[in-house]
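Reader: I would like to learn how to read this model feature by feature. Could you give me the general idea each time, and then the case at hand?

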Amino acid sequence: MAFFTSEYECKLDAKGRLALPAKIKANLPEVSSNELVVMKGFDPNLVVYTMLEFKKIQSKFASLSDFDTDQRRLKRNFFRSVAPVELDSAGRFLIPKAWIDHAKLEKNVIVIGTGSTVEIWNPDLYNQYLIEDSEEYSDLAKKFLDE
């Protein structure tokens with residue numbers, strides 16, 4: 001299982017390609033090291049999955065019914081926001097234009113390892129989604145992680 005951490009300042013090239021930071025690329029599993037899935041995030045960001053991680057999510061969707069309106073709507077909206085991409089020999093991948101627009105990406109981006117996924121953010125928007133108050137951070141950790 002891949003494990004991604006830390007944050008990196010990166011740049012999109014003029015064609016909308018992003019080179020993954022070396023430490024992120026080094027943690028890609030060998031079986032799918034060139035195949036990734038980029039998804040429009042629920043926040044104004046992008047989420048990058050290894051193919052192995054994405055297949056776990058896909059299997060959850062496979063159990064949804066095509067006969068239920070809400071489940072169909074969820075599947076439709078989820079999968080329309082997903083794009084498979086491949087790393088080129090330089091470790092770059094092309095981000096689709098609609099995904100760049102969704103995350104309001106410009107030349108400078110922040111890449112963050114979030115455990116099993118990687119997020120891509122516009123630096124200005126990213127700062128708005130960080131927890132600045134250490135007490136709030138501690139309270140959330142206690143709420144979700146304390147046994």
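Reader: How many cavities of 30 Å³ or more does a search of the whole structure find?

Author: A cavity is defined on a 1 Å grid over the protein atoms alone, as a set of points where a 1.4 Å probe fits but cannot get out; a pocket is an open set with protein on both sides within 12 Å along at least five of seven lines, and lining residues have an atom within 4 Å of a point. Grid points are joined across faces, edges and corners, and the volume is the space filled by probe spheres set on the points. Here the search finds one cavity of 30 Å³ or more, and the largest cavity holds about 40 Å³ of space. Please keep in mind that this is a predicted model: local features need pLDDT of at least 70, side-chain atom pairs count only at pLDDT 80 or more, and totals for chains, interfaces and linings use all residues. Residues are numbered from 1 along each chain as its sequence is written, and side-chain values use heavy atoms, with hydrogens and water left out.

Reader: Which residues line the largest cavity, and how do they divide by class?

Author: For classes, Ala, Val, Leu, Ile, Met, Phe, Trp, Tyr, Cys and Pro count as nonpolar, Asp, Glu, Lys and Arg as charged, and the others, Gly among them, as polar. The lining of the largest cavity consists of F4, L20, I24, L28, L36, V48, Y49, T50, S116 and V118. Eight of these lining residues are nonpolar, two are polar and none is charged. Strands (E, at least two residues) and helices (H or I, at least four) are DSSP runs numbered from the N terminus. Strand 4 (residues 46-50) gives the most to this lining, with three residues.

Reader: And what lines the largest pocket?

Author: The largest pocket holds about 170 Å³ of space, and its lining is made up of M39, K40, G41, F42, L74, N77, F78, R80, S81 and H102. By class there are four nonpolar, four polar and two charged residues. Strand 3 (35-40) and helix 3 (69-79) each supply at least two lining residues, with the largest share, three residues, coming from helix 3.

Reader: Now for the strands. Is strand 7 largely enclosed or open?

Author: Burial is judged by relative accessible area: buried is under 20%, exposed is over 50%, and partly exposed is in between (1.4 Å probe, protein chains only). Five of the six residues of strand 7 (residues 108-113) are buried, so this strand is largely enclosed by the rest of the structure.

Reader: Which strands pair with strand 7?

Author: Two strands pair if DSSP finds at least two bridges between them. Strand 1 (residues 7-11) pairs with strand 7 in the antiparallel sense over five bridges, and E9 has I110 as its bridge partner. Strand 8 also pairs with strand 7 in the antiparallel sense, over four bridges, with V111 opposite I120. Three residues lie between the strands in the hairpin of strands 7 and 8, where G115 takes a positive phi near 95°.

Reader: Where does a positive phi occur in a residue other than glycine?

Author: S6 is one case, with phi near 80°; S6 sits in the segment before strand 1 and is partly exposed at 44% relative accessible area. K104 is another, at about 55°, in the loop between helix 4 (97-103) and strand 7. K104 is partly exposed too, with a relative accessible area of 48%.

Reader: What does the side chain of N122 meet at K104?

Author: A polar contact is a pair of N or O atoms within 3.5 Å; within protein, one must be able to donate a hydrogen and the other to accept it, and residues adjacent in sequence count only if both atoms are side-chain atoms. A polar atom of the N122 side chain lies 2.6 Å from the backbone oxygen of K104. N122 is in the loop between strand 8 (117-121) and helix 5 (123-128), and is buried at 7% relative accessible area.

Reader: Where is T117, and what does T117 touch?

Author: Contact means heavy atoms within 4.5 Å. T117 is in strand 8 and is buried, with a relative accessible area of 12%. Leaving aside neighbours within four places in sequence, T117 is in contact with F4, V47, V48, Y49 and I112. The side chains of T117 and T114 are joined by a polar contact of 2.6 Å.
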